[in-house]
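Let's take a friendly walk through a protein model together. Have the sequence and the 3D view ready, and turn the view as you read.

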Amino acid sequence: IAPWCDSGICEMTASVVSAPPLDLDRLGAWLQAEVRGFRGLREAQRLIGGNSNPIWQLRADSGCYILRTQPAGQLLKSAHALDRESRLVTTLHGTAVPVPKIHVLCNDLDIVGVQFYLMDFIEGRVHRHVGLPELPTGRRRAVYASAIDSLAAIHRTDIDALGPADFGRPGNYFERQFHRWCQQYRTAMPEGDPEMERLIAALEHTMPHGAHRAVLLHGDSRLDNLMFAADEEAAPRVIAVLDWELSTLGHPLADLGQFLAVQSLPADYLLPGLAGVDRPAQGLPSEAELRERYFRAMGESPVADLRFFKAFAMFRQAAMSAGLRRRAALGTAVAESALHFGNTMAVFARVGLDILDRPGRSD
(Lines give C-alpha, C1' and ligand atoms only; values in the text may rest on other atoms or scores of the structure.)
Protein backbone atom coordinates (compact mmCIF):
# COMPACT_ATOMS: atom_id res chain seq x y z
CA ILE A 1 0.00 0.00 0.00
CA ALA A 2 1.47 3.34 -1.03
CA PRO A 3 0.42 6.94 -0.69
CA TRP A 4 -0.29 9.11 -3.74
CA CYS A 5 2.74 9.46 -5.97
CA ASP A 6 3.38 10.48 -9.57
CA SER A 7 4.93 7.27 -10.82
CA GLY A 8 4.52 3.99 -9.00
CA ILE A 9 5.96 2.83 -5.72
CA CYS A 10 6.91 5.55 -3.24
CA GLU A 11 9.67 5.11 -0.70
CA MET A 12 11.05 7.37 1.94
CA THR A 13 14.58 8.55 1.31
CA ALA A 14 17.07 10.94 2.80
CA SER A 15 18.56 11.68 -0.66
CA VAL A 16 16.82 14.66 -2.20
CA VAL A 17 18.15 15.80 -5.56
CA SER A 18 16.30 19.00 -6.46
CA ALA A 19 13.32 19.31 -4.19
CA PRO A 20 12.84 22.78 -2.70
CA PRO A 21 13.66 23.16 1.00
CA LEU A 22 10.53 23.41 3.11
CA ASP A 23 10.31 25.94 5.92
CA LEU A 24 7.60 24.19 7.93
CA ASP A 25 6.76 27.22 10.04
CA ARG A 26 6.23 29.44 6.99
CA LEU A 27 4.44 26.71 5.01
CA GLY A 28 2.22 25.75 7.95
CA ALA A 29 1.21 29.35 8.62
CA TRP A 30 0.35 29.91 4.96
CA LEU A 31 -1.69 26.70 4.70
CA GLN A 32 -3.53 27.46 7.92
CA ALA A 33 -4.49 30.87 6.54
CA GLU A 34 -5.49 29.59 3.08
CA VAL A 35 -7.00 26.12 3.58
CA ARG A 36 -10.21 25.77 5.53
CA GLY A 37 -9.75 23.35 8.43
CA PHE A 38 -6.00 22.99 8.06
CA ARG A 39 -4.12 23.35 11.33
CA GLY A 40 -0.98 22.28 13.14
CA LEU A 41 1.56 21.22 10.48
CA ARG A 42 3.95 18.87 12.28
CA GLU A 43 5.94 16.94 9.69
CA ALA A 44 6.79 16.73 5.98
CA GLN A 45 8.24 13.54 4.53
CA ARG A 46 9.60 13.51 1.00
CA LEU A 47 8.24 10.64 -1.12
CA ILE A 48 10.33 9.26 -3.97
CA GLY A 49 8.81 7.36 -6.85
CA GLY A 50 8.86 9.42 -10.03
CA ASN A 51 10.95 11.81 -12.07
CA SER A 52 8.35 14.55 -12.51
CA ASN A 53 7.54 16.80 -9.55
CA PRO A 54 8.64 16.38 -5.91
CA ILE A 55 5.89 15.20 -3.58
CA TRP A 56 5.65 15.29 0.19
CA GLN A 57 3.36 13.70 2.72
CA LEU A 58 2.35 16.31 5.28
CA ARG A 59 1.13 15.35 8.73
CA ALA A 60 -0.86 17.95 10.59
CA ASP A 61 -3.25 18.06 13.52
CA SER A 62 -6.05 18.23 10.93
CA GLY A 63 -4.91 15.08 9.10
CA CYS A 64 -2.63 13.87 6.31
CA TYR A 65 -2.14 15.65 3.00
CA ILE A 66 0.00 15.52 -0.13
CA LEU A 67 2.07 18.51 -1.21
CA ARG A 68 3.16 18.50 -4.86
CA THR A 69 5.81 21.05 -5.82
CA GLN A 70 7.80 22.05 -8.84
CA PRO A 71 11.47 21.00 -8.81
CA ALA A 72 13.99 23.58 -7.75
CA GLY A 73 16.29 25.03 -10.39
CA GLN A 74 15.99 25.74 -14.10
CA LEU A 75 13.07 24.04 -15.90
CA LEU A 76 12.38 23.40 -19.57
CA LYS A 77 9.77 25.68 -21.11
CA SER A 78 6.17 24.59 -20.35
CA ALA A 79 7.36 21.78 -18.04
CA HIS A 80 6.04 21.21 -14.49
CA ALA A 81 3.03 23.54 -14.94
CA LEU A 82 1.27 22.78 -11.66
CA ASP A 83 -1.28 25.58 -12.11
CA ARG A 84 -2.56 23.92 -15.27
CA GLU A 85 -2.56 20.47 -13.68
CA SER A 86 -4.33 21.59 -10.53
CA ARG A 87 -7.01 23.42 -12.51
CA LEU A 88 -7.87 20.29 -14.47
CA VAL A 89 -7.86 17.99 -11.43
CA THR A 90 -10.10 20.44 -9.58
CA THR A 91 -12.47 20.44 -12.55
CA LEU A 92 -12.55 16.64 -12.72
CA HIS A 93 -13.16 16.13 -9.00
CA GLY A 94 -16.61 14.62 -8.49
CA THR A 95 -16.93 13.32 -12.06
CA ALA A 96 -16.65 9.74 -13.36
CA VAL A 97 -12.87 10.19 -13.40
CA PRO A 98 -11.59 9.63 -9.83
CA VAL A 99 -9.04 12.22 -8.72
CA PRO A 100 -7.89 13.55 -5.33
CA LYS A 101 -9.37 16.80 -4.03
CA ILE A 102 -7.03 19.76 -4.40
CA HIS A 103 -7.31 22.28 -1.57
CA VAL A 104 -5.14 25.14 -2.78
CA LEU A 105 -2.60 26.19 -5.42
CA CYS A 106 0.20 28.54 -4.38
CA ASN A 107 1.94 30.78 -6.92
CA ASP A 108 3.75 32.80 -4.24
CA LEU A 109 7.40 31.79 -4.57
CA ASP A 110 8.18 33.27 -1.16
CA ILE A 111 6.51 30.33 0.60
CA VAL A 112 8.70 27.40 -0.51
CA GLY A 113 10.52 28.88 -3.51
CA VAL A 114 8.44 27.20 -6.22
CA GLN A 115 4.82 26.71 -7.25
CA PHE A 116 2.95 24.00 -5.32
CA TYR A 117 -0.47 22.66 -4.49
CA LEU A 118 -1.98 20.77 -1.55
CA MET A 119 -4.35 17.86 -2.00
CA ASP A 120 -5.95 15.03 -0.09
CA PHE A 121 -3.91 12.02 0.95
CA ILE A 122 -5.47 8.87 -0.51
CA GLU A 123 -4.48 5.46 0.78
CA GLY A 124 -4.41 2.73 -1.82
CA ARG A 125 -2.21 0.55 -4.00
CA VAL A 126 -0.07 1.57 -6.98
CA HIS A 127 1.24 -1.20 -9.22
CA ARG A 128 4.74 -0.36 -10.40
CA HIS A 129 5.38 -3.47 -12.50
CA VAL A 130 3.07 -4.15 -15.46
CA GLY A 131 3.45 -7.88 -14.82
CA LEU A 132 1.75 -7.45 -11.42
CA PRO A 133 4.04 -9.96 -9.65
CA GLU A 134 2.70 -8.89 -6.25
CA LEU A 135 -0.82 -10.13 -7.12
CA PRO A 136 -2.23 -13.64 -7.42
CA THR A 137 -2.50 -14.72 -11.05
CA GLY A 138 -6.28 -14.78 -10.86
CA ARG A 139 -6.56 -11.07 -10.01
CA ARG A 140 -4.36 -9.65 -12.76
CA ARG A 141 -6.86 -9.48 -15.62
CA ALA A 142 -9.31 -7.58 -13.43
CA VAL A 143 -6.67 -4.93 -12.66
CA TYR A 144 -6.16 -4.33 -16.36
CA ALA A 145 -9.90 -4.29 -17.02
CA SER A 146 -10.35 -1.55 -14.41
CA ALA A 147 -7.38 0.37 -15.84
CA ILE A 148 -8.80 0.31 -19.38
CA ASP A 149 -12.23 1.33 -18.11
CA SER A 150 -10.69 4.31 -16.32
CA LEU A 151 -8.94 5.37 -19.53
CA ALA A 152 -12.23 5.21 -21.43
CA ALA A 153 -13.88 7.28 -18.69
CA ILE A 154 -11.28 10.01 -19.22
CA HIS A 155 -11.89 9.98 -22.97
CA ARG A 156 -15.68 10.09 -22.50
CA THR A 157 -15.40 13.23 -20.40
CA ASP A 158 -17.60 16.03 -21.74
CA ILE A 159 -14.89 18.60 -22.36
CA ASP A 160 -17.41 21.29 -23.26
CA ALA A 161 -19.26 20.84 -19.97
CA LEU A 162 -16.05 20.80 -17.95
CA GLY A 163 -14.67 23.82 -19.72
CA PRO A 164 -10.96 22.93 -20.16
CA ALA A 165 -11.11 23.97 -23.83
CA ASP A 166 -7.94 26.04 -23.46
CA PHE A 167 -5.97 22.94 -22.50
CA GLY A 168 -4.99 22.36 -26.10
CA ARG A 169 -6.02 22.91 -29.67
CA PRO A 170 -8.15 20.03 -30.96
CA GLY A 171 -6.60 19.66 -34.45
CA ASN A 172 -3.23 18.36 -35.71
CA TYR A 173 -2.42 16.78 -32.37
CA PHE A 174 0.43 14.55 -33.49
CA GLU A 175 2.06 17.20 -35.66
CA ARG A 176 2.08 19.65 -32.74
CA GLN A 177 3.29 17.08 -30.23
CA PHE A 178 5.95 15.86 -32.62
CA HIS A 179 7.30 19.40 -33.04
CA ARG A 180 7.21 20.06 -29.30
CA TRP A 181 9.03 16.89 -28.26
CA CYS A 182 11.60 17.17 -31.05
CA GLN A 183 12.41 20.61 -29.66
CA GLN A 184 12.62 19.28 -26.11
CA TYR A 185 14.88 16.42 -27.20
CA ARG A 186 17.23 18.62 -29.24
CA THR A 187 17.40 21.24 -26.50
CA ALA A 188 18.29 18.59 -23.94
CA MET A 189 20.57 16.57 -26.21
CA PRO A 190 22.00 18.76 -28.98
CA GLU A 191 24.56 16.11 -29.90
CA GLY A 192 21.71 13.81 -30.95
CA ASP A 193 21.31 10.04 -30.85
CA PRO A 194 21.36 7.81 -33.97
CA GLU A 195 18.43 5.58 -33.00
CA MET A 196 16.34 8.53 -31.89
CA GLU A 197 17.00 10.25 -35.21
CA ARG A 198 15.92 7.11 -37.09
CA LEU A 199 12.73 6.95 -35.05
CA ILE A 200 12.00 10.62 -35.74
CA ALA A 201 12.43 10.04 -39.47
CA ALA A 202 10.19 6.95 -39.40
CA LEU A 203 7.43 8.79 -37.50
CA GLU A 204 7.54 11.69 -39.93
CA HIS A 205 6.96 9.19 -42.75
CA THR A 206 3.99 7.48 -41.05
CA MET A 207 2.39 10.53 -39.37
CA PRO A 208 -1.45 10.45 -39.62
CA HIS A 209 -2.94 13.65 -41.00
CA GLY A 210 -6.43 15.08 -41.16
CA ALA A 211 -9.18 15.85 -38.68
CA HIS A 212 -9.87 13.69 -35.66
CA ARG A 213 -12.18 13.81 -32.67
CA ALA A 214 -10.57 15.58 -29.73
CA VAL A 215 -10.88 14.13 -26.24
CA LEU A 216 -9.39 14.92 -22.87
CA LEU A 217 -6.03 13.12 -22.80
CA HIS A 218 -4.29 12.10 -19.62
CA GLY A 219 -0.98 12.44 -21.44
CA ASP A 220 0.95 9.78 -19.51
CA SER A 221 -1.39 6.81 -19.45
CA ARG A 222 0.33 3.96 -17.61
CA LEU A 223 -0.64 1.38 -15.04
CA ASP A 224 1.59 3.02 -12.42
CA ASN A 225 -0.29 6.30 -12.73
CA LEU A 226 -3.39 4.66 -11.29
CA MET A 227 -4.19 4.03 -7.65
CA PHE A 228 -6.34 1.03 -6.80
CA ALA A 229 -8.41 0.31 -3.70
CA ALA A 230 -6.42 -1.68 -1.17
CA ASP A 231 -9.27 -4.13 -0.47
CA GLU A 232 -7.90 -7.60 -1.24
CA GLU A 233 -11.36 -9.18 -1.25
CA ALA A 234 -13.20 -6.84 -3.61
CA ALA A 235 -12.72 -6.62 -7.36
CA PRO A 236 -9.81 -4.30 -8.29
CA ARG A 237 -11.05 -0.73 -8.63
CA VAL A 238 -9.27 2.48 -9.65
CA ILE A 239 -9.77 5.08 -6.91
CA ALA A 240 -7.51 7.82 -8.30
CA VAL A 241 -5.96 8.73 -11.64
CA LEU A 242 -2.63 10.40 -10.91
CA ASP A 243 -0.08 12.72 -12.54
CA TRP A 244 -1.97 14.98 -14.97
CA GLU A 245 1.01 17.17 -15.81
CA LEU A 246 0.96 16.24 -19.53
CA SER A 247 -2.82 16.38 -19.96
CA THR A 248 -4.22 18.13 -23.01
CA LEU A 249 -6.86 17.81 -25.71
CA GLY A 250 -6.04 15.50 -28.57
CA HIS A 251 -6.28 12.15 -30.32
CA PRO A 252 -7.56 9.37 -28.01
CA LEU A 253 -5.23 6.78 -29.49
CA ALA A 254 -2.28 8.73 -28.10
CA ASP A 255 -3.27 7.62 -24.58
CA LEU A 256 -4.12 4.07 -25.62
CA GLY A 257 -0.83 3.86 -27.51
CA GLN A 258 1.06 5.01 -24.41
CA PHE A 259 -0.69 2.49 -22.17
CA LEU A 260 0.13 -0.38 -24.54
CA ALA A 261 3.60 0.76 -25.62
CA VAL A 262 5.24 0.60 -22.19
CA GLN A 263 4.27 -3.07 -22.09
CA SER A 264 6.60 -3.59 -25.10
CA LEU A 265 9.65 -2.64 -23.03
CA PRO A 266 12.04 -5.39 -21.88
CA ALA A 267 10.97 -7.13 -18.69
CA ASP A 268 14.34 -6.34 -17.08
CA TYR A 269 14.33 -2.62 -17.95
CA LEU A 270 14.23 0.13 -15.30
CA LEU A 271 10.57 0.59 -16.26
CA PRO A 272 9.73 -3.12 -16.61
CA GLY A 273 7.68 -4.22 -19.62
CA LEU A 274 6.26 -7.50 -20.88
CA ALA A 275 8.48 -8.18 -23.89
CA GLY A 276 8.94 -11.94 -24.15
CA VAL A 277 6.51 -12.65 -21.28
CA ASP A 278 3.96 -15.46 -21.73
CA ARG A 279 0.91 -13.38 -20.89
CA PRO A 280 -1.71 -16.16 -20.69
CA ALA A 281 0.52 -18.19 -18.37
CA GLN A 282 0.90 -15.13 -16.12
CA GLY A 283 -2.82 -14.36 -16.07
CA LEU A 284 -2.27 -11.19 -18.10
CA PRO A 285 -4.55 -10.02 -20.93
CA SER A 286 -3.18 -9.86 -24.46
CA GLU A 287 -2.82 -6.54 -26.22
CA ALA A 288 -5.76 -7.50 -28.44
CA GLU A 289 -7.96 -8.01 -25.35
CA LEU A 290 -7.00 -4.62 -23.96
CA ARG A 291 -7.55 -2.93 -27.30
CA GLU A 292 -10.97 -4.53 -27.77
CA ARG A 293 -12.10 -3.70 -24.23
CA TYR A 294 -11.16 -0.06 -24.77
CA PHE A 295 -13.09 0.27 -28.02
CA ARG A 296 -16.12 -1.51 -26.53
CA ALA A 297 -16.11 0.94 -23.63
CA MET A 298 -15.90 3.82 -26.12
CA GLY A 299 -18.65 2.35 -28.32
CA GLU A 300 -16.37 2.47 -31.35
CA SER A 301 -15.10 0.04 -33.97
CA PRO A 302 -11.64 -1.27 -33.07
CA VAL A 303 -8.55 0.09 -34.78
CA ALA A 304 -6.37 -2.96 -35.43
CA ASP A 305 -3.11 -1.26 -36.37
CA LEU A 306 -1.81 0.81 -33.47
CA ARG A 307 1.86 0.76 -34.45
CA PHE A 308 2.24 4.49 -35.06
CA PHE A 309 0.49 5.41 -31.79
CA LYS A 310 2.65 3.05 -29.74
CA ALA A 311 5.87 4.10 -31.47
CA PHE A 312 4.96 7.75 -30.97
CA ALA A 313 4.58 7.07 -27.25
CA MET A 314 8.09 5.60 -27.19
CA PHE A 315 9.38 8.70 -28.98
CA ARG A 316 7.86 10.92 -26.30
CA GLN A 317 9.34 8.74 -23.54
CA ALA A 318 12.74 8.98 -25.22
CA ALA A 319 12.47 12.78 -25.43
CA MET A 320 11.52 12.91 -21.75
CA SER A 321 14.50 10.74 -20.90
CA ALA A 322 16.77 13.17 -22.72
CA GLY A 323 15.32 15.90 -20.53
CA LEU A 324 15.99 13.81 -17.42
CA ARG A 325 19.62 13.37 -18.44
CA ARG A 326 19.94 17.13 -18.90
CA ARG A 327 18.36 17.82 -15.50
CA ALA A 328 20.64 15.26 -13.86
CA ALA A 329 23.67 16.96 -15.42
CA LEU A 330 22.46 20.34 -14.16
CA GLY A 331 21.73 18.95 -10.69
CA THR A 332 17.99 19.67 -10.99
CA ALA A 333 16.71 16.10 -11.27
CA VAL A 334 13.92 15.10 -8.91
CA ALA A 335 15.06 11.52 -8.28
CA GLU A 336 18.32 9.59 -8.30
CA SER A 337 16.88 7.40 -11.09
CA ALA A 338 16.82 10.35 -13.50
CA LEU A 339 20.37 9.78 -14.71
CA HIS A 340 19.73 6.06 -15.23
CA PHE A 341 16.64 6.75 -17.34
CA GLY A 342 18.41 9.53 -19.21
CA ASN A 343 21.37 7.34 -20.06
CA THR A 344 19.08 4.63 -21.47
CA MET A 345 17.07 6.94 -23.72
CA ALA A 346 18.03 4.75 -26.70
CA VAL A 347 16.01 1.86 -25.21
CA PHE A 348 12.78 3.78 -25.82
CA ALA A 349 13.88 4.74 -29.34
CA ARG A 350 14.86 1.15 -30.15
CA VAL A 351 11.53 -0.22 -28.91
CA GLY A 352 9.70 2.41 -30.97
CA LEU A 353 11.57 1.31 -34.10
CA ASP A 354 10.85 -2.35 -33.30
CA ILE A 355 7.13 -1.57 -32.95
CA LEU A 356 7.05 0.06 -36.39
CA ASP A 357 8.79 -2.96 -37.91
CA ARG A 358 6.23 -5.47 -36.59
CA PRO A 359 3.14 -6.72 -38.46
CA GLY A 360 0.23 -4.28 -38.33
CA ARG A 361 -2.02 -6.19 -35.92
CA SER A 362 -0.95 -7.22 -32.40
CA ASP A 363 -2.81 -10.14 -30.84
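A residue counts as buried when its relative accessible area is under 20%. Leu132, with a relative accessible area of 0%, is therefore buried. Keep in mind that the model you are looking at is predicted. You can find Leu132 in the loop that runs between β6 (116–120) and α4 (140–155). Its backbone is worth a look too: the phi angle of Leu132 is near 50°, a positive value in a residue other than glycine.

Now look for Asp243, in the loop between β9 (238–241) and β10 (248–250). Phi is positive here as well, near 60°, and again the residue is not glycine. Is Asp243 buried or exposed? Its relative accessible area is 6%, so Asp243 is buried.

## The whole protein

Zoom out, and you can count twelve helices and ten strands in the protein. Of its 363 residues, 56% are buried. The accessible surface comes to about 15000 Å², and carbon and sulfur atoms account for 50% of that area.

How do contacts relate to positions along the chain? Take the contacts with a separation of 6 or more: 74% of them join residues 24 or more positions apart.

## Helix α7 and its two partners

Start with helix α6 (residues 173–188) and helix α7 (residues 194–206), whose axes come within 12 Å and cross at roughly 165°. Angles over 145 degrees count as roughly antiparallel, which means that α6 is roughly antiparallel to α7. Their crossing is left-handed. On the α6 side, the contact is made by Phe178, Cys182, Tyr185 and Arg186, while α7 brings Met196, Glu197, Ile200, Leu203 and Glu204. Sorted by class, this contact has six nonpolar and three charged residues, with no polar ones.

Helix α7 also packs with helix α12 (residues 345–357): their axes come within 8 Å and cross at roughly 35°. This crossing, of α7 and α12, is left-handed. Here Glu195, Met196, Arg198, Leu199, Ala202 and Leu203 of α7 meet Met345, Ala346, Ala349, Arg350, Gly352, Leu353 and Leu356 of α12. What classes do these residues fall into? Nine are nonpolar, one is polar and three are charged.

Next, find helix α8 (residues 252–261) and helix α9 (residues 287–298), which pack at an angle of about 150° with their axes 11 Å apart. That angle makes α8 roughly antiparallel to α9. The crossing of α8 and α9 is right-handed. From α8, the contact uses Pro252, Leu253, Leu256, Phe259 and Leu260; from α9, it uses Glu287, Leu290, Tyr294 and Phe295. Eight of the residues in this contact are nonpolar, one is charged and none is polar.

Methods:
Residues are numbered from 1 along each chain as its sequence is written. This is a predicted model: local features need pLDDT of at least 70, side-chain atom pairs count only at pLDDT 80 or more; totals for chains, interfaces and linings use all residues. Side-chain values use heavy atoms; hydrogens and water are left out. Helices (H or I, at least four residues) and strands (E, at least two) are DSSP runs, numbered from the N terminus. Buried means under 20% relative accessible area, exposed over 50%, partly exposed in between (1.4 Å probe, protein chains only). Contact means heavy atoms within 4.5 Å. Accessible areas come from the Shrake-Rupley method with a 1.4 Å probe; for residues, only the protein chains shown count as cover. Axes are lines fitted to C-alpha atoms, for helices over the stretch in contact, and angles run from 0 to 180 degrees between N-to-C directions. Angles under 35 degrees count as roughly parallel, over 145 as roughly antiparallel, 65 to 115 as roughly perpendicular and the rest as oblique. A crossing is left-handed if the near helix is turned anticlockwise from the far one by less than a right angle, and right-handed if clockwise. Ala, Val, Leu, Ile, Met, Phe, Trp, Tyr, Cys and Pro count as nonpolar, Asp, Glu, Lys and Arg as charged, and the others, Gly among them, as polar.
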